[in-house]
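Please look at the structure below with its charged side chains in view, and then follow the text from one region to the next.

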Amino acid sequence: MMNVLVVDDDKLVRKGLISAMPWHDFDMHVIGEAKNGEKALEFLAAAEVDLLLTDLAMPIMSGLELMRVVRKQYPHIFIVVLTLHQDFEYIQEALRLGAIDYIAKVQLEEENFEEVLGRICGRIAEEQAKLEAQEKERGNEALRLDTGYAMITVAPEDKELERSNVPIPAGQTTEREIMPHLRLWLPADEQAATQIGKQLAEAAADHPELCLLELSGLEGQAISKAERLLIAYKASGFFYDYREDIKIYSLSVSHIKEQPTEVDKASLLSVREKGLSLEWVHKPAQYEQLVEQLYELRMPSSQLVNELNQWIVEWNRIYQPASSSSLEPPASMDAWVHIEDWLGRTRQLLLVALGRSLYSSDVQDCIVKAVQLIHAGLAERLNVISICQQVNMSRSYFSQCFRDIMGATFNDYVRQLRVDKAKEYLTKTNKTIFWIAEHTGYADEKYFSRIFRKHTGLLPSEFRQLRREGEQSSKT
């Protein structure tokens with residue numbers, strides 16, 4: 001949908017155009033009107049407009065004056081002029097200022113409204129095609145200067161990322177927004193490069209969230225390739241290089257790999273196993289080793305985030321019953337330092353939840369291992385004696401430690417875990433009650449239903465029905 005603003009000092013003309021034109025037939029929508037150039041600029045400052053229809057002869061600010069401002073401040077807006085003037089030079093001035101078409105009011109009749117809008121849409125399509133072709137041509141153009149600059153916006157930890165208003169440097173330069181929070185400046189010559197670099201360095205110093213990349217190795221690179229390399233560096237290089245006390249980074253684009261090195265699967269599996277084991281929670285040396293090995297993998301930031309989210313799900317299987325709350329992912333994932341700080345805080349939460357002051361790290365590791373065995377064997381018949389043997393603890397001591405650390409007896413913990421898993425099956429699958437009973441460790445369907453009702457107050461079939469009715473009502 002293209003948003004349209006109609007500007008004319010004659011109210012009847014505005015209302016006539018808005019009501020008579022078949023806007024919706026051409027995927028257009030008039031979102032506003034103004035009686036002169038000044039009112040139009042006020043509207044443009046507060047709304048997103050794609051097409052401006054403006055009269056040329058208006059009081060206070062004429063259409064030509066309005067066009068000059070719009071061309072400078074809102075270059076993406078397409079402009080069509082409305083005029084009573086048939087003076088060729090007057091119309092040519094409007095076209096020179098960037099109008100894509102003009103409409104003579106005396107020629108507007110009901111039968112040709114559709115033709116007029118069709119012509120305007122055709123002109124817009126032509127202009128968009130030209131812009132795309134020019135952008136593609138510029139993207140394939142080889143750079144002649146070796147030097148350039150890029151600015152990356154990084155959210156301070158636990159703060160929302162906002163777009164910083166970086167002043168446009170004076171001097172001959174091309175500025176390109178490659179993606180949100182990544183902008184590129186390409187100076188025209190060495191003199192401009194020096195001037196622009198100084199101004200951007202000052203801007204970075206004034207804004208804590210800004211980091212300046214001093215680029216080299218640009219000469220001979222296509223602009224489009226340079227942009228792709230910077231995107232790759234932001235995800236896999238800068239993510240790990242960033243430090244809060246460093247504002248300026250020197251970078252040769254010729255050393256950047258457009259495609260990140262594939263993470264070694266064996267190394268990833270090894271780190272994942274250590275992360276999920278939770279032994280690092282009680283052993284500082286293992287924690288430091290885990291952080292170091294995770295860093296050395298240098299996964300692309302998106303892959304790292306997905307990996308940690310999987311870890312959180314598994315950690316919460318142990319953390320939630322012990323603390324009645326959940327571990328949450330990092331508030332900011334813009335840089336490795338934020339991930340590292342979050343890992344440290346998460347470790348402290350786990351230490352407290354797992355009863356650090358009550359038992360040694362060896363005992364806590366045994367209980368953690370027992371919990372992992374419980375989750376792995378939930379569909380089977382769990383035997384506390386077998387679990388004790390696998391973690392090498394006596395039954396009585398194991399029972400005491402398990403209750404103190406997990407906040408529930410072994411049997412209560414397993415029973416609640418099975419009920420929770422049954423709720424998940426009932427809500428998210430169409431499996432039979434018998435199948436659910438089997439896959440939550442109950443050989444007898446009736447016994448399973450009795451346990452489920454004791455914990456929830458409902459039979460499994462009643463629970464499923466209520467959940468489905470709730471989902472249907474929420475959708476309607």
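A salt bridge is taken here as a side-chain nitrogen of Lys or Arg lying within 4 Å of a carboxyl oxygen of Asp or Glu. The model is a predicted one, in which local features need pLDDT of at least 70 and side-chain atom pairs count only at pLDDT 80 or more, whereas totals for chains, interfaces and linings use all residues. Residues are numbered from 1 along each chain as its sequence is written, and side-chain values use heavy atoms, with hydrogens and water left out.

By the salt-bridge rule, the count comes to nine. One of them joins the side chains of lysine 421 and glutamate 424, with an N to O distance of 3.6 Å. Both residues belong to helix 16 (residues 410-428), where, being three residues apart, they are separated by about one helical turn; helices (H or I, at least four residues) and strands (E, at least two) are DSSP runs, numbered from the N terminus.

The side chains of aspartate 365 and lysine 283 meet at 3.3 Å, N to O. Because aspartate 365 lies in helix 13 (residues 361-376) and lysine 283 in the loop between helix 9 (265-277) and helix 10, this pair ties together parts that are 82 residues apart in sequence. Side chains of opposite charge can pair when their charged atoms come close. A salt bridge also forms between aspartate 241 and arginine 298, with 3.5 Å from N to O. Here aspartate 241 comes from helix 8 (residues 238-241) and arginine 298 from the loop between helix 10 and helix 11, so the pair ties together parts that are 57 residues apart in sequence. Aspartate 241 is partly exposed, with a relative accessibility of 31%, and arginine 298 is likewise partly exposed, at 31%. Elsewhere, Arg14, Lys15 and Glu33 are linked in a network of salt bridges.

Arginine 298 also deserves attention for its backbone. Its phi is near 45°, a positive value in a residue other than glycine. Most residues other than glycine have a negative phi, and most peptide bonds are trans. Aspartate 27, also not a glycine, has a positive phi of about 60°; this aspartate sits in the loop between helix 1 (11-20) and strand 2 (28-34) and is partly exposed, with a relative accessible area of 44%.

Which residues form the negative surface patch? The patch is made up of Glu244, Asp245, Glu288, Glu292, Glu296, Glu340 and Asp341, where a patch consists of residues with over 30% relative accessible area and no salt bridge, like charges being joined within 9 Å and nonpolar side chains (Val, Leu, Ile, Met, Phe, Trp, Tyr) within 5 Å. Helix 10 (284-297) and helix 12 (336-353) each supply at least two of its residues, and the largest share, three residues, comes from helix 10. Glutamate 292, found in helix 10, is partly exposed, with a relative accessible area of 47%.

The covered regions give a contrasting view. Strand 8 (residues 182-187) is mostly covered, with six of its six residues buried. Leu182, Leu184 and Leu186 point one way from this strand, and Arg183, Trp185 and Pro187 point the other way. In a regular strand the side chains alternate between the two faces of the sheet. Strand 8 pairs with strand 6 (residues 148-153) in the antiparallel sense over four bridges, where two strands pair if DSSP finds at least two bridges between them, and methionine 151 stands opposite arginine 183 of strand 8.

Tryptophan 311, in helix 11 (residues 301-323), is buried at 1% relative accessibility. Tryptophan 311 and arginine 272 are 39 residues apart in sequence, yet their C-alpha atoms are 7.9 Å apart in space.

Technical notes. Areas by Shrake-Rupley, 256 points an atom, 1.4 Å probe, with all protein chains shown as cover. Lys, Arg positive; Asp, Glu negative; His and termini not counted. Charge placed at Lys NZ, Arg CZ, Asp CG, Glu CD. Buried < 20%, exposed > 50% of the residue type's maximum accessible area, 1.4 Å probe, protein only.
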